Amino acid sequence: GFNLSATAKLWEGGTIDASYTNGDGIASYMVFGGNNLNADGDAIGLQSAYISLSQAVNDKLTLRAIYGWRENDEGADEDFETLTSVHLNAQYQLLENTVVGLEYFHGTVDRFSGATFEVDRLQASVQIDF
């Protein structure tokens with residue numbers, strides 16, 4: 001497999017990140033895992049990509065939007081064929097060693113059986129460095 005990725009500073013405080021991955025037999029190394037081999041023992045191919053745009057509003061607040069996509073070439077009916085996700089988040093440096101975050105997440109899973117599932121979440125985090 002291979003991965004191509006890049007980061008560019010667009011303007012003051014603005015950054016774009018992008019990545020594309022393609023390979024056979026690498027599903028277990030990816031986010032959300034999966035089977036590396038099919039029932040015949042052959043490697044399953046996959047592709048994935050993401051793009052992220054972030055903006056530092058000031059020295060304490062950063063806003064970010066991320067779109068992610070992954071597609072598996074084959075799988076059983078209950079396995080996912082494609083995953084897509086959108087993340088909208090904010091991180092705020094509360095103290096010198098403490099960052100708090102809030103994120104809205106929307107994800108869609110399309111299974112090989114034809115079934116589709118969607119989820120929306122509001123997530124929060126606290127990171128303390130010591």
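This is a predicted model: local features need pLDDT of at least 70, side-chain atom pairs count only at pLDDT 80 or more; totals for chains, interfaces and linings use all residues.

Residues are numbered from 1 along each chain as its sequence is written, and side-chain values use heavy atoms, with hydrogens and water left out.

Let us consider charge. A patch of negative charge on the surface is made up of Asp-24, Asp-40, Asp-42, Asp-73 and Glu-74. Patch members must have over 30% relative accessible area and no salt bridge; like charges are joined within 9 Å, and nonpolar side chains (Val, Leu, Ile, Met, Phe, Trp, Tyr) within 5 Å. A salt bridge here is a side-chain nitrogen of Lys or Arg within 4 Å of a carboxyl oxygen of Asp or Glu. Lys and Arg count as positive, Asp and Glu as negative, while His and the chain ends are not counted. The charge is placed at NZ of Lys, CZ of Arg, CG of Asp or CD of Glu.

Why is Asp-24 classed as exposed? Its relative accessible area is 52%, and exposed means over 50%, buried under 20%, and partly exposed in between, with a 1.4 Å probe and protein chains only. The areas themselves come from the Shrake-Rupley method.

The side chain of Asn-38 makes a polar contact with the side chain of Glu-74, at 3.0 Å. A polar contact is a pair of N or O atoms within 3.5 Å; within protein, one must be able to donate a hydrogen and the other to accept it, and residues adjacent in sequence count only if both atoms are side-chain atoms. Asn-38 lies in the loop between β2 and β3 (45-56) and is buried, at 18% relative accessible area.

Next, the nonpolar surface. Ile-51, Tyr-67, Val-86, Leu-88, Leu-102, Tyr-104 and Leu-122 form a patch with about 650 Å² of accessible area together. Which strands each supply at least two of its residues? They are β5 (80-95) and β6 (98-111). Val-86, in β5, is partly exposed at 31%.

Strand β6 also holds His-106. Its side chain makes a polar contact with the side chain of Glu-118 at 3.4 Å, and the side chain of His-106 also reaches the backbone oxygen of Val-119 at 3.4 Å.

Finally, some C-alpha distances. Leu-94 in β5 is partly exposed at 46%; Leu-94 and Lys-60, 34 residues apart along the chain, are separated by 7.5 Å. Asn-72, in β4 (residues 61-72), is buried at 8%, and its C-alpha lies 40 Å from that of Asn-97, 25 residues away along the chain.

How values were computed
Accessible areas come from the Shrake-Rupley method with a 1.4 Å probe; for residues, only the protein chains shown count as cover. Helices (H or I, at least four residues) and strands (E, at least two) are DSSP runs, numbered from the N terminus.
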